[in-house]
Every structure is written in structure tokens, then in C-alpha cells.
Amino acid sequence: MQHGYGYFEEDKLGEIADIKLWRRILGYTSHHWQGIILAVILSFAVIGSSLLLPYLVRIGVDDYIINTEIPVPERLSGLVILALVFGLSSIAGFAANYFQVTVLEWTGQNIMHRLRQHIYGHMIGLDLEYFHKNPSGKLVTRITNDVQNMHEMFTSVIVTLFNDAIRIIGILILLFWLNWRLALMMALLLPVILVATIWFSRLARNVFREIRTDLAKINAYLQEAISGISLIQLFQREKETERNFVSINQNYFQSTMHQIKVFGIFMPLLDILASTATGIIIWYGGAQILKGQMTIGILVAFLSYMRLFFQPLRELSQKYSIVQSAMASAERIFQLLDTKSKLPIVLKPLRPQNTGTSVEFNNVTFGYDSANPVIHNLSLNVKQGETVAIVGATGSGKSTLVNLLERMYDPDQGRILLDGHDLKELDPIWLRNTVGLVMQEVYLIPGSIRSNILLDREMDEPELKVILQQAQLIELINRLPEGVHTKIGEGNLDLSAGQRQLLAMARVMARNPDILVLDEATANVDSETEILVERAVEATLAQRTNIVIAHRLSTIRRADRIIVMDSGRIIEEGTHEYLMVQKGFYHRLQNLQYIGWNERKSIEPAIR
Ligand SMILES: Nc1ncnc2c1ncn2[C@@H]1O[C@H](COP(=O)(O)OP(=O)(O)O)[C@@H](O)[C@H]1O
Ligand SMILES: [Mg+2]
């Protein structure tokens with residue numbers, strides 16, 4: 001919980017007038033311009049129909065209801081025709097609206113689909129450092145929430161804003177056309193409406209921002225608390241985290257109250273303005289009617305248009321806030337899309353055919369954060385077919401060497417060569433196929449044992465069987481009714497740590513890498529499977545170049561050479577016998593190990 005509020009980032013709101021950003025967002029619509037144009041055309045139909053209705057009322061009132069100059073049956077049939085036109089136009093407006101929404105939704109979903117694919121494809125290729133620096137929740141938000149925000153803007157805002165603008169302009173034109181004097185009177189109210197709306201949009205923007213930030217804080221806090229629940233309970237931090245939560249929760253409460261206040265003022269204010277407009281229409285319009293300068297129908301139409309005029313204003317602030325949050329989302333999405341992998345891939349990456357597979361670290365210095373190196377000017381040569389063991393305290397940098405060799409990171413200084421080729425020149429996929437890695441943690445994918453071993457490989461049964469035998473899995477599999485097709489992973493057969501290790505060995509054997517790296521692969525194994533794992537290790541190591549990082553000294557003892565590391569440096573090097581005679585670090589480690597095999601965890605602090 002010391003990291004503050006996790007990945008909340010809603011305090012940053014998008015700049016609505018960011019032209020560059022708009023251009024980029026609109027770039028994504030380029031494949032779907034037909035849909036957008038269709039939506040715009042349809043919006044003329046939707047608005048046309050809604051603006052036609054008050055006008056029909058005017059005709060009805062003036063030409064038929066109060067017009068005593070024509071006979072009653074004619075007035076009645078005129079009203080019937082008007083009612084029919086009214087009905088048809090409503091239906092047409094409804095249909096146009098339906099198609100507009102459908103087209104927009106379809107277009108919007110398509111654009112978002114493309115965007116999600118694009119983000120995912122980009123993100124998955126980024127370097128590990130990026131993933132370490134960015135919590136997974138944040139990256140998930142990019143593809144889900146942020147894309148959803150943009151979708152909302154595309155479908156509900158851009159076109160409705162367009163609709164509203166056309167509607168307001170249309171209404172003003174109609175009003176002036178119906179009676180310019182009355183329209184002019186009303187136009188006097190326009191500046192007041194404009195000022196009130198702008199003022200409110202500002203306030204509302206801040207309020208929405210507050211609410212979103214506070215909500216995001218609640219989310220982030222919950223996420224941290226829930227993922228750290230075992231720590232909280234173990235160390236009795238319940239009361240304290242609850243106290244923290246109270247204050248975050250309280251902030252959220254206050255900002256929603258703030259919103260209610262702002263809206264509580266603006267909405268009635270709009271109502272007052274609308275009522276004033278109505279008052280002006282009735283007073284001034286009524287006087288004009290009495291003077292015979294205007295008809296009752298126009299007065300009725302005017303009143304209806306007023307209502308249509310104020311409607312979009314009420315929703316404006318909400319839309320404003322949607323656009324704003326979408327702009328912020330867009331900015332974050334593009335920021336992710338602009339992030340380049342820190343592991344540049346050369347234009348023509350090499351995939352050497354025949355590798356002798358020697359490994360060379362040449363004066364390598366590296367730090368996860370380059371100000372604090374964890375590997376210092378380290379040089380190491382592993383010849384073809386050699387098995388090199390690396391030992392050292394936890395945190396001495398053993399796994400970091402593996403990360404560098406798999407090119408999860410690039411060294412800050414120095415070079416790493418595979419058969420004389422700098423890793424940077426090699427195709428990363430080829431590299432990771434050539435350097436097989438078994439780690440302490442084994443990730444299972446939901447599926448059968450077979451698919452877990454082969455992953456994307458194809459292999460016939462006899463070949464697989466050899467691997468199962470070498471990996472000492474055959475006995476386990478023979479015991480299972482469904483054999484290699486037994487489902488494992490969450491909710492299915494649970495493998496023990498040792499069995500997982502064997503599976504990981506089989507996985508690596510199936511890929512038959514030239515170089516094999518075992519990173520504490522045997523650390524978690526129970527004594528029952530230990531012998532099996534030892535055998536599997538032996539089978540895996542055969543005829544390869546191997547780098548073995550291990551706690552079990554029995555594996556290490558058989559290595560051709562042992563490297564002892566401390567704080568990112570090699571401090572001793574040689575065979576087991578040689579190092580024992582030297583009576584240095586390795587010798588001490590060896591003696592400690594004899595005290596107890598099962599006290600590995602307590603040894604580590606001792607050998608620091
Ligand atoms: N992803 C990482 N980000 C930052 N620091 C790391 C990361 N992984 C390891 N370290 C640090 O690098 C140092 C070496 O770690 P590591 O290579 O994992 O040691 P070993 O495998 O020997 O236990 C340690 O100080 C560790 O805290
Ligand atoms: Mg390690």
C-alpha cells in the first residue's frame with residue numbers, strides 16, 4: 001500500500017481542443033467513412049422530422065382550427081391530413097433514428113475492434129521492463145476502459161453534437177422565418193444562455209473530473225487491498241486500511257455532493273431562462289396577435305421550438321465530459337502505441353543455421369534501473385558442450401544473467417555473444433528457441449498434458465514418448481486413465497511442484513534447444529520427486545551447452561566448471577575439487593549445505 005494509489009490516472013483530463021490528437025483519432029475512422037457519412041445524412045432526416053412537427057401544429061391551428069373562412073368539413077379533413085403527415089413524419093424520424101444508431105454503433109464497434117487489436121498487438125511485443133514498470137491493471141484498462149471511453153464518444157457524442165448544432169441552427173432559422181420580431185426579442189436571451197452554459201460546462205468539467213478521480217482512487221485502493229489481503233490479515237492491518245478507505249470513500253461522497261449542487265443550480269437556471277423565453281413569447285407574441293401582426297399558430301409553434309431549443313443545452317455538459325474523458329483515454333492509448341520496445345530489432349535479424357553454441361559475456365554491466373547496476377563488468381565464457389554451474393546468494397544476479405541471455409533486457413555496457421554473434425543481431429524468436437529455459441515457476445496453460453508439453457509444436461507419439469521417458473513423466477502418465485490427454489491447470493488435475501518441474505523439463509526437451517539454462521529449476525522439489533528430477537536433469541543436460549543455476553549442490557558438483565557470484569560479480573571460478581581446496585566462499589557454502597539440505601532458506605541470509 002506504500003505505492004499510494006496504484007494506477008489511478010484519471011486526474012489528467014484530455015484537452016478538448018487538441019488538434020493533433022483529433023487528427024489521430026479521426027485517422028482510425030478512415031476505413032469507415034461511409035458509415036459516418038450515412039449517419040450524418042440520416043441526422044438531417046431525424047432533425048427534419050422533429051422540426052417539422054411544430055410547424056404542422058402551426059398550420060393546423062392557423063389554417064383549420066381557428067380559420068372560420070372555410071367550411072367545417074373541409075377544416076376537419078385538413079386536420080386529418082395534417083395528423084397523417086404528422087404520424088408519417090414521426091415514423092420516418094423514428095426509422096431514420098433507428099438506422100442512425102445502428103450504423104453508428106456498427107461503425108464505432110468496428111473502429112474500436114481495430115483499435116483493440118492494434119493496442120494488443122503492440123503491447124505484447126514490448127520489452128519486459130515496460131511490463132514491470134506498468135501494473136497489469138493499468139494495461140488492461142487501456143484495452144478495456146479507455147477503448148470503451150472512445151467508443152462512447154464516437155457513438156453518442158460526436159454525432160449527437162452534430163445533431164444538436166444542426167437542430168439549434170435550424171430552430172433559429174425557423175424562428176426568424178416565422179416571426180423575426182419575436183425571434184429578435186428572444187435572441188436577447190441568447191448571450192445569457194451562452195454565458196450560463198459555458199460557466200456551467202466549466203464547473204461541471206471540474207466536478208466530473210473530481211468524481212472520476214475519486215472513483216479511480218477507490219478502484220485502485222480496492223485492487224491493492226484485495227490483492228494484498230493475506231498481508232493485511234497476517235499483519236493485522238485491517239483497521240488501518242479501513243481508516244484509509246474511510247477517507248477515500250468520504251472524498252468520493254463529497255465530490256458527488258458537489259456535483260449535485262452544481263447541477264442543482266444549473267438545471268433550474270436553464271428552466272428559469274426557458275420560462276423567461278416562454279414569458280416573452282406569450283407577452284410580446286400575444287400583443288402581436290392582438291394587433292393582428294401574428295397568428296396563434298405561430299405562437300404555439302414558437303413555444304414548441306423553444307422546448308426543442310433548450311433540450312440539447314441540458315445535455316451539453318454531460319457530453320462535454322464524455323468527450324473530455326475520451327480525449328484523455330485517447331492520449332493514454334496513443335502514448336502506449338508510441339512506446340517503442342527498448343530492445344531494438346535489427347533490420348535483418350540473423351538466424352544462424354549451424355550453431356556451435358558457445359556463450360560469451362563480454363564486460364557486461366547491467367541494471368534494471370541503469371543508475372543501479374546489478375551486474376558489474378562481468379565476463380564469462382561457456383564453451384560448446386560445457387556445463388557451467390552458477391551459485392551465489394539470492395540477489396547476487398544469477399537470474400539477471402539469464403534474463404540478459406534470453407534478451408529480455410539489453411546490457412547497459414558490454415556485449416553478449418552467441419557463437420560470436422551479438423544477441424542484438426539475432427532474431428529474438430530464434431534466440432529463445434535456441435536458448436531453452438527452465439525456471440523455478442512453471443506456468444501451466446489450461447489444456448492437456450500433451451498440449452502443455454508441446455505448446456505450438458507438432459510431434460508424433462513415439463517421439464513424445466521418448467521425451468516423457470527422459471523427463472521421468474512416464475510413470476505418472478501411465479497411472480492416469482486419460483494419459484497425456486489428461487487436462488491440467490486450473491480446475492483440473494493439480495500437479496505437484498515436482499511434477500510441474502518434470503513437465504517443464506519435457507517442454508524444453510520437446511523444443512530441443514542447443515543451449516539449456518536451468519534457473520533454480522530444482523529448488524521447489526519435494527524429496528519424493530527429487531530423484532526423478534535429478535534423472536530428468538541429467539537426461540536434459542546431455543549433449544548440450546548448459547548453464548545451471550542451482551541450490552542443490554549435487555547437480556553443481558557434476559558441472560565442468562562452477563562460477564560463484566556475489567553482488568553481480570564473479571568471485572570464484574573452477575571445478576568443485578579446486579574450489580573446495582581454495583576454502584573460499586564455495587567451500588563455506590558447501591559446509592553449510594551439509595548442515596541440512598532442507599534449510600536452504602535459512603542458509604541464504606547466512607552466506608550473504
Ligand atoms: N525485474 C526487476 N526489476 C528491478 N530489480 C530487479 C528485477 N529483478 C531482479 N532485480 C534485482 O536485481 C538483483 C539481482 O536479482 P536476481 O538476478 O534475481 O538474483 P538471483 O537470481 O541471484 O537471486 C536483485 O537486487 C534484485 O532485487
Ligand atoms: Mg534467481
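These legends describe close-up views of one predicted protein model.

Residues are numbered from 1 along each chain as its sequence is written, while chains are lettered from A and ligands numbered from 1 in the order in which they are written. Because the model is predicted, local features need pLDDT of at least 70 and side-chain atom pairs count only at pLDDT 80 or more, whereas totals for chains, interfaces and linings use all residues.

**View 1. The protein is divided into two stretches, domain 1 (17-178) and domain 2 (359-607).** These bounds come from an automatic or database domain assignment. The centres of domain 1 and domain 2, taken over C-alpha atoms, are separated by 59 Å.

**View 2. Helix α5 covers residues 136-178.** Helices (H or I, at least four residues) and strands (E, at least two) are DSSP runs, numbered from the N terminus. α5 has 43 residues and reaches 60 Å from its first C-alpha to its last. That is close to the 63 Å expected at 1.5 Å a residue; the expected span is 1.5 Å times one less than the number of residues. At Arg142, α5 bends by about 45°. The bend is the angle between axes fitted to the seven residues ending there and the seven starting there.

**View 3. Four strands form an open sheet in the order β2-β1-β4-β5.** The pairing is antiparallel. Two strands pair if DSSP finds at least two bridges between them. β2 (375-382) and β5 (421-422) stand at the edges with a single partner strand each, so one side of each has no neighbour in the sheet. Inside the sheet, β1 (residues 359-366) and β4 (residues 413-418) share 5 bridges. Phe361 has Ile416 as its bridge partner in β4, and Asn362 stands opposite Arg415 in β4.

View 4. Leu418 has His421 as its bridge partner in β5.

**View 5. An open sheet of 6 strands has the order β6-β9-β10-β3-β11-β12.** Its pairing is mixed. β6 (435-438) and β12 (569-574) are the edge strands, each with a single partner, so one side of each is left without a neighbour in the sheet. From one strand to the next, the twist averages 20°.

**View 6. β11 and β12 form a hairpin with 2 residues between them.** These antiparallel strands are joined by 5 bridges. In β12, Ile562 has Gly574 as its bridge partner, and Val564 has Glu572. Ser567 in the turn has a positive phi of about 45°.

**View 7. Helix α11 (residues 398-405) lies across β1, β2 and β4.** Here α11 runs at about 115° to β1. Axes are lines fitted to C-alpha atoms, for helices over the stretch in contact, and angles run from 0 to 180 degrees between N-to-C directions. Residues are in contact if their C-beta atoms, placed from the backbone, lie within 7 Å. Helix α16 (residues 497-511) lies across β6 and β9, at about 170° to β6.

**View 8. The mean pLDDT of the protein is 85.** pLDDT is the predictor's confidence in each residue, from 0 to 100. A value of 70 or more is reached by 94% of the residues. Among the elements, β1 has the highest mean pLDDT (95) and helix α21 (residues 600-607) the lowest (41). Where pLDDT is low, the predicted coordinates should not be read in detail.

Key: Contact = placed C-beta atoms within 7 Å.
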